[in-house]
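Open the model in your viewer and switch to cartoon view.

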Amino acid sequence: MATSPNATATSEIELDAVVVGAGFGGIYALKKLRDEHGLHVLAFDKAGGVGGTWYWNRYPGALSDSESHVYCYSWDKALYQEWEFKTKYVPQAEVLSYLQSVVERHDLMKDIRLETGITSAVFDDARRKWVVTTDAGETYLAKYFITALGLLAATNIPDIPGLASFEGEVYHTSRWQPETSFEGKRVGVIGTGSTGVQFITAVAPQVRHLTVFQRSPQYSVPIGNGPISKEELADIHRDFDAIWDQVRGSALAFGFEESDIGTFSVSDEERKAIFDRAWKKGGGFRFMFETFNDIATNEAANKAAQDYIRGKIDEIVKDPETARKLKPKDLHAKRPLCDSGYYEIFNRDNVTLVHVGSEETPIERITSTGVVTSDGVEHELDMLVFATGFDAVDGNYKRMELRGRNGMLIQDHWKAGPTSYMAVATANFPNMFMVLGPNGPFTNLPPSIEAEVEWIADTIGYMEDNAIATLEPQPQAEEAWVQTCEDIANQTLFPKAESWIFGANIPGKKNTIYFYMGGLAAYREALKQVTQDGFRGFILEKTSENQPA
């Protein structure tokens, strides 16, 4: 293994591993490989600081909808015991502060290169190494290439005619400038997903006028955020082991017990009471999965949840026409949302809802002064904000030159949609390990990140100890895993709804299965079995020969 960054005659800097990304996944991968396996590793991030998505997403209202005490690492128990979780749900600034603390605590910054993007990563077949080039013109040679690019990092801005002509301010929420002022401004927001709901709710009281361009109505429930008391904090610290045992043994990893009762196993009155309690308690995932066990799988049960939320919209929103526009007509089968008063803000005099779905008044063009909809109305604006999400899962992979065996481009390998074996590797790309790659668990992310990074690090440790030169999935094993993910997803209602979790937010992108919906506990067990079965589904090549191990 390389013990220092030695430059070769071709100015290649030798490493054991390159990690791309300095968010939850990249930070942990660097820590594991450097401190537990003794490898020389560098992590790269194009951002000006660590934090990944939490560095970039500084828009007003940015908040994790996973509860604070499970939206963190479990591997640093001492830090967990010291950390003062302040609110039930953690705001962006606090997530960022937490990750910065981890980096400082473990002296990781010396091995992180910020403001450095990766322009290409090419597998050298002859040397069985990765040649990685940065936008600073440096070239690194490494045995292992670990991508911790994040699910939600490649920004998506719709191609709307006339956008370049708009003379006001234009922003995407993931590239927000915190010093931006709303005072006296007419602000338009396109997008009402999780980010849009948070942003809209936060800025409505600050602006002169807010125009919400809603492409599709959303089912949302209250978040139920609030301060964590000293007593609750003491319980969290005391119950560390039980909390994390439950998280790892659950399906969703959100820190609550998923329901084991059916929607129609109780009376109408009890069903309403359960929904009422969930509405009052808050949490989008809690509402869908802590109430009943079949909302995501049974259309009749799903309709009961739909009807309850639609009824709440009618109760909350004073104008019947606005309420009509806000009520979804499709399945409650997108990523669950929660909010801090989203429906209530449409009762404000300075907020206008414009439904730009295809059946209503879609956007036709953008002018120098605003947005024109199909009814001929120009909505005059001083600022236009895109809360239009991301080219999720594989977007950042396609934004670099990434080549595997025989020069294969990742775009060609994934031309029918992104695939993986066990979410951590993909055929034809030896020694490329992915954190949160395609077909990974649909869960609260930090616990899934930990499971994947630990498997990757242990596997690399095995390779180092056993003179394994390369490891990559068998194509048939990858195909089988993708089929498993599809089979499980098709047992749910999620594929029947148009959602970013299947690529539906990107024009021309194939609608495909991006996630494993079998739950974290089952996923962890599947990873364990792969290892115990001698890396079943992988091709291992010895260092000293070109024959499989």
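Which strands does helix 5 lie across? Select residues 194-203 to find out. Helix 5 lies across strand 10 (186-190), strand 11 and strand 18 (383-386). The helix runs at about 165 degrees to strand 11. Contact here means heavy atoms within 4.5 Å. Axes are lines fitted to C-alpha atoms, for helices over the stretch in contact, and angles run from 0 to 180 degrees between N-to-C directions.

A note before moving on: this is a predicted model, where local features need pLDDT of at least 70, side-chain atom pairs count only at pLDDT 80 or more, and totals for chains, interfaces and linings use all residues. Residues are numbered from 1 along each chain as its sequence is written, and side-chain values use heavy atoms, with hydrogens and water left out.

Now show the open sheet of five strands, in the order 9-18-10-11-14, with parallel pairing. Its edges are strand 9 (169-172) and strand 14 (351-355), each pairing on one side only. Neighbouring strands are turned by 15 degrees against each other on average, direction ignored. Helices (H or I, at least four residues) and strands (E, at least two) are DSSP runs, numbered from the N terminus. Two strands pair if DSSP finds at least two bridges between them.

Zoom in on strand 11 (residues 209-214). Strand 11 pairs with strand 14 in the parallel sense over five bridges. Select V212: opposite stands L353 in strand 14.

**Aromatic pairs**

Next, colour Phe, Tyr and Trp. The structure holds 41 aromatic pairs. Rings (for Trp, the six-membered one) pair if their centres lie within 6.5 Å; planes under 30 degrees apart count as stacked, over 60 as edge-to-face and the rest as tilted.

Pick F254 and F256. Their ring centres are 6.4 Å apart and the planes stand at 35 degrees, so this pair is tilted. F254 is buried at 4% relative accessibility, and F256 is buried with a relative accessible area of 4%. Buried means under 20% relative accessible area, exposed over 50%, partly exposed in between (1.4 Å probe, protein chains only).

Go on to W481 and Y523, a tilted pair at 6.3 Å centre to centre, with 50 degrees between the planes. W481 lies in helix 14 (residues 475-489) and Y523 in helix 15 (residues 520-532), so the pair ties together parts that are 42 residues apart in sequence. Both W481 and Y523 are buried.

Then select F24, Y28, W54, Y71, Y73, W75, W83 and Y98: ring pairs link them into a cluster.

**Charges over rings**

Last stop: R58 lies over the face of Y55, 4.6 Å from the ring centre. R175 lies over the face of W56, at 4.0 Å. The criterion is NZ of Lys or CZ of Arg within 6 Å of the ring centre and within 35 degrees of the ring normal.
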